[in-house]
Amino acid sequence: MKVHKHIQGMTLLEVVISMLLLSILMITVAFSGTSVLLAVKNRVDASSNYVLAMNKAQALVLSKGESFANSATFNVTNNVINYLEAVTGSDGFTSTSIYFKKELSNAGVSNVTVAVTTSATDPNIVVVSLSTVDKTGRRYENTTILRKLINAAPLLPRDGLPCSFKAPTTCSIPLLFPAVSFFPTTEATSVITTTTGSVFSGSTFSTATYSLTGPIYYESWNITAYKTLEIATSISASLVQIPKMKGLDSTVSDELWVKVE
Amino acid sequence: MNPKGLALVTVMGFILILSLLMVPLALGITQFTSSTNVVANKIGMAEARNSAVELVRYYIATSTTACTSEPISGLHEGKLAQGSLTPTISCTSSIPAFNGYAYRYWDFYVTYKPTNAASVCFTGSAVEYLPVDYTTSTVVYFTHVEDKDAEDEPHCPR
């Protein structure tokens, strides 16, 4: 019986010590668990200021993708994209600029820095780099690519040639996109607005004179483009040669022979 | 107080404190997810638009049918990770050459069906240049590209 009581007393002491150790352990777990959770929460809270801002900025840049894809030509100056959007049913183009810095500021993400560059390998691509730095020095970066999809080549309109060429003619053809020059240019003359080519009638080739007329001056690009191709023939023609022309985005339309109907 | 009850209250209080800490955490993660989804959808749309143009370029360049304004449908779908592209092209006019065509003018409609959003229709026009000597490749110039709601554009493939 005595032995039994002795054992009971030792067990009680052990239980007390165990409870003490357990309580220390529980308190340690509680504090460390809370601190871990708080650290994660702080990181998430901080991230929401920066990651969400970056996402918003990227979404804003991407939202400009549709109209930029439809641009005939563009340039980038001081992180501003200036472009001519091809709009059907109008004179052909709408001159537009994208001020990302201003747009981001309006969207409430002025802490994001924007850098706009053109691609060295693809002239149809604009690279928009976004970056921001949080209070702890952590850097958040993202890159978005905008791609121009259309080719502003000076092509004949859907209606084809508007003249019959049944007699010596001076025929004015409104181009689908304006031409900057005939092609190829020479080192001495970077812009050629008059050239010669051929027309065919029966079994005879004859020289025709081609001119680019109807100038439009694009101030942002300091470029003059021409809306109309003028062909002057000295004989009637059944086949007309259309020379190569260079467009606003440097796309060159291929040479072709067109049958007169 | 019953010690067992005290222990239970302590545990419940601890769980409550942890839960309160978890609420903003969960909210933050939800915000991240929805924000990332918006960006992912927009990136998916941009990639789909680029792919649609390339798909149409291929079908125009390889088309051998006469220019009749009839829509050419039943073309193979383009499969992307974020959805599918169903194209229809139609040759609306042409300019004759000595033999055949010099230019063919095309309209195109591509329905983009993303896996988790409403369908979008990419529409536009293109001009195909057919070389006289038939030895060089045809060239397809895109002259217009536009995004439309697939429901609003009757020509878009369903």
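I began with strand β8 (residues 194–201) of chain A, which is joined to β11(A) by 2 bridges, the two running antiparallel. For my own reference, strands are DSSP runs of E with at least two residues, helices are runs of H or I with at least four residues, and both are numbered from the N terminus; two strands pair if DSSP finds at least two bridges between them. I also noted that this is a predicted model, in which local features need pLDDT of at least 70 and side-chain atom pairs count only at pLDDT 80 or more, while totals for chains, interfaces and linings use all residues. Residues are numbered from 1 along each chain as its sequence is written, and chains are lettered from A and ligands numbered from 1 in the order in which they are written.

**Around β11(A).** I looked up A:V199 and found that its bridge partner in β11(A) is A:V240. β11(A) is also joined to β14(A), by 4 bridges and again antiparallel, and there A:V240 stands opposite A:V258. In a regular strand the side chains alternate between the two faces of the sheet.

**A sheet of 3 strands.** Next I followed the open sheet of chain A with the order β1-β2-β3, where the pairing is antiparallel. β1 (71–77) and β3 (93–99) stand at its edges with a single partner strand each, so one side of each has no neighbour in the sheet. Strand β2 (residues 80–86) of chain A is joined to β3(A) by 7 bridges, and I noted that A:E85 has A:T94 as its bridge partner in β3(A).

**The contact between the chains.** I then turned to the contact, which takes 38 residues from chain A and 39 residues from chain B, two residues being in contact if their C-beta atoms, placed from the backbone, lie within 7 Å. On the side of chain A that touches chain B, α1(A) gives the most, with 15 residues.

**Backbone spots.** Most residues other than glycine have a negative phi, and most peptide bonds are trans. A:P184 lies in the loop between β7 (170–182) and β8 of chain A. A:S250, although not a glycine, has a positive phi of about 70 degrees, and its place is the loop between β12 (245–247) and β13 (252–253) of chain A.
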